[in-house]
Amino acid sequence: MIRLTTNFLAAALMAAGMTVAFAQDDAEQPKPERQSWSFSGLFGVYDQAQLQRGFQVYKEVCSNCHKLSIPFRALEDPNGPGYSVDQVKALAASYQVTNDEPNDKGEIFKRPGTPADDFPPPESFPNDQAAAAALGKAPPDMAELAEARKYERGFPWFIFDALPFDQYQEMGADYIYAILNGYTKSGDPQWNLYYPGHRIAMPQPIVDGAVNYSDGTPPKLDNYARDVAAFLTWASEPTLAERKKIGLRVMIFLIVLATLLYFTKKRVWSGLH
Amino acid sequence: MSGSPTYVPKSALGRWFESRLPIMGLVHSSFVAFPVPRNLNYLWTFGAILAFMLGAQIVTGIILAMHYVPSATLAFASVEHIMRDVNYGWLIRYLHTNGASMFFLAVYIHMFRGIYYGSYKAPREVLWILGVIIYLLMMATAFMGYVLPWGSMSFAGATVITNLFTAIPLVGTGVAHWLWGGYAVGDPTLNRFFSLHYLLPFMIVGVVILHVWALHVAGQNNPDGVEVQNVERDTVAFTPYATIKDLFGVSIFLILYAWFVFYIPTYLLDADNSVPANPLVTPAHIVPEWYLLPFYAILRAIPNKLVGVVALAAAIILLAFLPWLDTSKVKSGKYRPAFRIFFWLFVVCCVGLGYLGSQEVSDTTTWIARILAIGYFGFLVVALPVLGLIERTKPLPASIADAVLAKTKPAEAAAPPASR
């Protein structure tokens, strides 16, 4: 056993040495800091008011360039923003969407949206090519954005990230929050502290006071960043709360089952000598 | 090594059926009466865990295939549809993606256990080779499964791996075009990968049946590596002893599996696979899934593409020759002090290569990977053959029963065994 431990220790030390050697290479680009979120941890759930504020930020700011390929009806999710059916109907109707099929005369036409429709792409950029032509690079679809952004945590942190009570699954939210707060060089709207190489195609999208919250939350960049990061996390993973709720039951069931099996096994084997 | 109590049907219907198809007798002799060495530790429950995982992957996979669309334009959206709109689709998909990782975790423990306790040695060479074939099929299945969501990393991974075939002289490019069904990875590639991803698991089932058959002919190895001499003293019946122990092992493994599925479901998924595939945009840092990383590191450590591909293939194929590469007559690492040191160094090489495979390439990583790759091959082709010739092994227990008794009642074991 001692030899075993020594070997593992040697392996760990070696790996730690390698990490130090690699870490120096990208020292000048800080990693996003870990924020505290209502949806982190074993019992995490989304904060409905925060998601509604985040949606407001998306609608008033982000949606000018970014599409969000989820249906309007998703906003009714009781574990998510939890808007009422009527609110969603009214919201959908305020958008003009292109009908899938042509009309009787063979013309493609636009009509008011229904809850079953996806959010239409931004008016100025009907497709990625149009956006890339105007902006240099097509803004990514926000439906999967929070899932699609992670960053290297390095050894040994990536091991701790998997362990109970410290599990770290909110990298996407932290990344979005960091990027929105990373425009720290005044006079250069495309310099971002957290973006690889510090050159980001998206000029600073939002500043203090850009959106007026109706619930009294201070209209500060920090709040916008936090709220929209939470909203986008929900957009990319609307089943998170249900997953954690079922997970708790499954864990309790399995632990009880394993305990019972352990004692049964002991009992069965105790007959041997 | 057939179990002592044979199957006797209790009912008239049972007797009628058994005389026409003796399947109940087969099940009884394989999973009830089958004698199991009594000194097995919990590492021997991984066979049951792997059988469970194979079943879980097939069941979840069949359900996913009901909702998935194998088309370059629709695949990504269909996976999103599964995650968002299909009832419990998120659960089925997380069970399947994390299930693949759990399957590999279990198979690696199973393989390292086999190496540590010399389970590939006579009379279990065919059993071991069948295991290596299962492992190869698993890697092929997992690789093609990873391509199916048609994310950015799926596409990059498919391109990198299939491009390895172009390293073959003369016919390489032709082979690659044939695999792709075109001049690059595209819709035909995705379609055939889906078809094969559905087929291969059933081939795995077939080889698993052979694997279990071979196991029941040779009998299980055990931590002391001495063969069963006296069924009465050295073994216990599979049911209830091994059955209940396996069930307990599976339940513990399920806790780990459930932890991944419900609390850290995307921990092992690459973020780039949440971006739809785009042939014009390649991820900055292409990495395969964790279970293939050691081989990826070996491939990258070698500057020449053809030599790299040969080394990659050799790293896997050599495993099939372990029964002959290892010259030691003693099976268990428990009685081989020098082998033990090299075994753990081999484990360190594998884990180290895995870590390096996940890192971006630099001169430092390449050199460390080369050293570890030499360690990997050195263990297989130098350490194992040489150790068997020069190593001074510890004395083996006279029988499994003696080994068990020595552990529980040291005084009794010192006395000569009454009967053999």
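1. In this predicted model, chain B is built from 18 helices and 2 strands. The radius of gyration of chain B is 24 Å, close to the 22 Å that the globule rule gives for 420 residues, and chain B is therefore as compact as a globular protein of that length. The C-alpha trace of chain B spans about 75 × 60 × 45 Å along its principal axes.

2. Of the 420 residues in chain B, 42% are buried. When contacts in chain B between residues at least 6 apart in sequence are considered, 77% of them join residues that are at least 24 apart.

3. Chain B is divided into domain 1, which covers residues 37–223 + 235–282, and domain 2, which covers residues 287–409. The centres of these two domains of chain B, taken over C-alpha atoms, are separated by 22 Å. The contact between them takes 28 residues from domain 1 of chain B and 24 residues from domain 2 of chain B.

4. On the side of domain 1 of chain B that touches domain 2 of chain B, the elements giving two or more residues are α5 and α6 (125–147) of chain B, and the largest share, 8 residues, comes from α6(B). By class, this side of domain 1 of chain B has 18 nonpolar, 6 polar and 4 charged residues.

5. Turning to the two chains, their contact takes 38 residues from chain A and 32 residues from chain B. On the side of chain A that touches chain B, α1 (2–23), α5 (145–148) and α9 (240–269) of chain A each supply at least two residues, and α9(A) gives the most, with 16 residues. The residues on this side of chain A divide into 23 nonpolar, 6 polar and 9 charged.

Notes:
Residues numbered from 1 in each chain as written. Chains lettered and ligands numbered in written order. Predicted model: local features only at pLDDT ≥ 70, side-chain atom pairs only at ≥ 80, totals over all residues. Helix = DSSP H or I, 4+ residues; strand = E, 2+ residues; numbered from the N terminus. Rg over C-alpha atoms; globule rule 2.2 N^0.38 Å. Buried ≥ 20, exposed ≤ 12 C-beta atoms within 10 Å, placed from the backbone. Contact = placed C-beta atoms within 7 Å. Nonpolar A, V, L, I, M, F, W, Y, C, P; charged D, E, K, R; others polar. Domains from an automatic or database assignment.
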